[in-house]
Amino acid sequence: MVHKYDAIIIGAGGTGLMAALYASRGVRVAVLTKMYPTRSHTGTAQGGIGAALGNHEEDRPEWHTFDTIKGSDYLADQDAARIMCYEAVDVVYELEHMGLPFNRTEEGKIAQRPFGGHTNNETRQPVRRACYAADRTGHMILQTLYQQCIKQHVTFFNEFQVLDLIVEDGLARGVVALEITTGELHVFHAKAVLFATGGWGKVWQITSNAHSLTGDGPAVALRRGIPLEDMEFFQFHPTGIYKMGILITEGVRGEGGVLINNEGERFMERYAPTIKDLASRDITSRAIYLEVREGRGIDGKDYVYLDVRPETANKYFDLDGKRNPDGTPRRITAADIRAKLPDIADFTRTYLGIDPVTQPMPVQPTAHYAMGGIPTDIHGRVVMDEENTVLSGFYAAGETACVSVHGANRLGTNSLVDILVFGRRSGIDMMRYCQEADFTPLPDEPEAFAREQVESLRARPEGGERVADIRSQMQRVMMDHVAVFREQPGIQEALDVLSDLQERYQRISIDDKGSQYNTDLLEAWELGALLDIAQVTAAAALNRTESRGAHSREDCPKRDDAEWLKHSLAYRAAGRIELRYKPVTIVDYPPKERVY
Amino acid sequence: MRFRSAGQGSALEYYLWLFTRLSAVFMLFIGAFGIIYANLAGGRLTMDTPTQYRWGFFPIYWHVQNSDIPDVFPNWSNSFWRVYGMIFLFIAAVHGFNGLRIVVEDYVHRPILLLLAKGLVFVLFLFVVGAGGVVIFELF
Amino acid sequence: MAQGEPMQVKLKIRRFNPETDKKRWWGHYQAEVEPTDRVLDALHYVKWHVDGTLAFRRSCAHGICGSDAMLINGRNQLACKVLIKEVGRKITVEPLLGLPVIKDLVVDMEPFFEQYRAVKPYLVNDDPPPATERRQSIEERERFDDTTKCILCAACTTSCPSFWARSDYLGPAAIVQAHRFIFDSRDQASQERLQILAESNGVWRCRNIYNCTEACPREIQVTQAVAEVKREMMRRRV
Amino acid sequence: MLRTRRVSYLEGLRYQGKESMLAWVLHRITGLGILFFVGTHVVAAFFLNAIGDNISKSVTLWYESTPFQIFIYFCVLYHAFNGLRLVVEDFYPPVLRYRRELLWLQWLIFLPVFGLPAFLMVLSLFSGSA
């Protein structure tokens, strides 16, 4: 079946919905999602969205910009970071006008809380910049955007899995997608395609990411000759629930929570003397790993405590001399914790049987966010090479894209800023592009490649490899060797295992040969995407012989700006991965040593 | 769109909903009043417990057939108690048959059957109120 | 703590494949899990190691996305929010009641979302917005806090006997969404929403059964929200 | 395909609702019980007075037997108490925070108020005064 729309958006999270809202004001838009829009992973974002509103104390977008660039370990493109931080203020107000129920200050303004890495650039103290709606900010953003899409009668194709991008002669012409319910292939003929497919945390064993986050978009792009940028940078969030990886928001530390090792020591004082527990995520994750490695994990195991009990938090408020704006000592009560962090209390109660008001929470770093992705310019247009040549009609934004605003390490709250700002920018630019461009004809049999992928999976003989086995081996090897700390032999071993797994992937067999709602087939297809992404990640990590942000090489512990202040671009041709590099855009902030 | 916007049907639904609740409270008072009155009038000495309760809810002097004390309060056969009984019967019947209508709406789905069933409920309602009226006012 | 001995559980799963089955049937499976695992982990065990044809929805696996609402041991719950130790060694899993089954545990959510869309689930405010935020006091914000938690998982609506009886009933989830806007001080369309909900398929069908409130994985006081909508109608009419 | 899947009454009853679902089931059953038996009683009284037939007489006698009176008394009383709870909840929603407590309170009041007279009725049944 062939559908014709001006613009096709793949993914209905924050980026996809924001882009749809803007693009559909001028052209015919359809949004494809492999779930329902409200199931998107944006909904699990907890702590807040960063914007220098200054509702509590002085704050400026330029401080936000600098914090972002410093957080990125100077790998972010500074023009893009500046745009993001300045437009953040605008999108937050826009969300509020759309109805998002932000928490409020006494004067009825949007309430803000401190978050890791966000500082007053003059005093270097944490600043309250994260606008929040309890600890379900992402949930409210997703709901609010979906509500507006309903109001605006945006067309959705729910439960459609994208399988292929139709691109010919340097022009994107649509996508091929599988209707999950029926198993039918649909061709979407379009002038512009936006990939807003999110991340790929499922490459790792311990992850905060949803089962659906399998990197479909980047994998499809990679198979069509489009490079992936900065894939070696994947953020590990310091506080995931032990063993499960479910995220505990940085907002907990923003509200006064501290990390404690088995000696009862607040160890972040040693790693980030100024802002301590609110250091950026790469630093905090590494600190936890180092504590564990030196035998200071709780019970000698590989986790530490995140303690937000009022007595602990208040003790450290006093020790740090923290004060409210009116000068009184800062205090938190059990009621505040329950009111501001209800979902966290719910998670820990459900999964650990722990009440955060009376007990500390066991946490360990968890694979969380992809800084890299499909390379784009500041309008969301996908660029193909070191010269930033635009691939006409193809857009990417959000976690799946790499603008790059996060560089080597993303600051907390900036993911939500990214999806909204660049979702909006790409929506606007797609509309402009669609109004100017004409439809280009589809190639013959546009769905051939997609059909071949699906049919070959279905046609495999019985008794082959199981999808789940290959997937769990991939996740384990990536966790062991391409996670918080990396070194050459380990990464090489991971690459060997991965190519072995790729080979075994060719021999998998699936139980379900049917067409209707065949999740067995889908999981097999998704595993293919994961393996491709894992290989690219490991290859890029092997090549980068320095430590920067989330990429921490034990054999090369120093940042090397002379050699490595550049973005990687990974291409895949004939099964081999080729790495090229392009320069970082530096505008106002020359690289400095990064101390918190 | 399958769902209609505001129309005429809604007001009736609301008032019946409200009536159900208000009449429930009203009937509680009537019941309590009847039982208390029956006891004050000496019912505890002359009637067994079921009779007393039955009487309390519906104090018509001949209400109880199966009793060897049918005429303890012949003075209750005055118009006040008859009108009182009639009002109670009517309110109880509206409350009850409206409840039956709701149950019917819940579990009868074919439109024609539903219409028939609701018609039948209405006819039954009229008949019970009519028959009750005849009995209360002794119009034989 | 997330520790425990591996244990065997028996799963009884309601199966249906539209391509091969005329009737629904029960599949019986063994799964090896830990007491602190989720029911979702047991389902994954079956799907990944025993029978790949089993179909169910899931995504975030920690109770936020709302994909995996299903009937577990006779009650609507999220498979990712129920631990094995809470349900014991025998687990019965069925698809949600009242929505058409597509395959196994997967139901067609479209009727549910149609109900949702019917209540105008979006902020309506035609005044030109100010340059910064619209002001709202902490108390005004608190008024509708509870109903903003809804994740549209359909656990409430499909646990409601009034919905089972008549599927044109808008259902608790839609009313919760309406409540979220009716009591938002910034909204201007509450009158319209109240009129929609006053229809014969609206709030009057609620019989205060509380199955919705008991089923809600986000612990929203669903019945209370419905009652508050009823109360608001009374207030405006009488 | 059907737009929605009908849930039969029995299938619905298999749902493991809590006390509140039981309360609703009982409310329906007792309501229908009252309507049916009191309606029958009124009609029987009408025919008994109008025609004096034997069926109406036996219906009336059956209706006025003590066991049946206990049953009707249960229906009326349960329906009344439960209904009162519903009225309170509908007119004053904040009380719903304590819905479980309300339900238990309801049973706490209902049991003695029903039990004592019911006990007296049973007693009078055995003493043969009915």
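Where is A:Ser404 placed in chain A? Select it: A:Ser404 sits in the loop between strand S20 (401-402) and helix H12 (414-436). Helices (H or I, at least four residues) and strands (E, at least two) are DSSP runs, numbered from the N terminus. The peptide bond from A:Val403 to A:Ser404 is cis, with omega near 5°.

This is a predicted model, where local features need pLDDT of at least 70, side-chain atom pairs count only at pLDDT 80 or more, and totals for chains, interfaces and linings use all residues. Residues are numbered from 1 along each chain as its sequence is written, chains are lettered from A and ligands numbered from 1 in the order in which they are written, and side-chain values use heavy atoms, with hydrogens and water left out.

Next, select A:Ala134. It lies in the loop between strand S6 (126-131) and helix H4 (137-151) of chain A. Its phi is positive, about 45°, although A:Ala134 is not a glycine. Most residues other than glycine have a negative phi. A:Ala134 counts as buried because its relative accessibility is 3% (buried means under 20% relative accessible area, exposed over 50%, partly exposed in between; 1.4 Å probe, protein chains only).

Move to chain C. It has nine helices and seven strands, and 73% of its 238 residues count as buried. Pick C:Asp104, in the loop between strand S6 (101-103) and strand S7 (106-107). C:Asp104 also has a positive phi of about 45°, and it is buried, at 2% relative accessible area.

Finish at C:Glu139, in helix H4 (residues 138-143) of chain C. C:Glu139 counts as exposed, because its relative accessibility is 58%.
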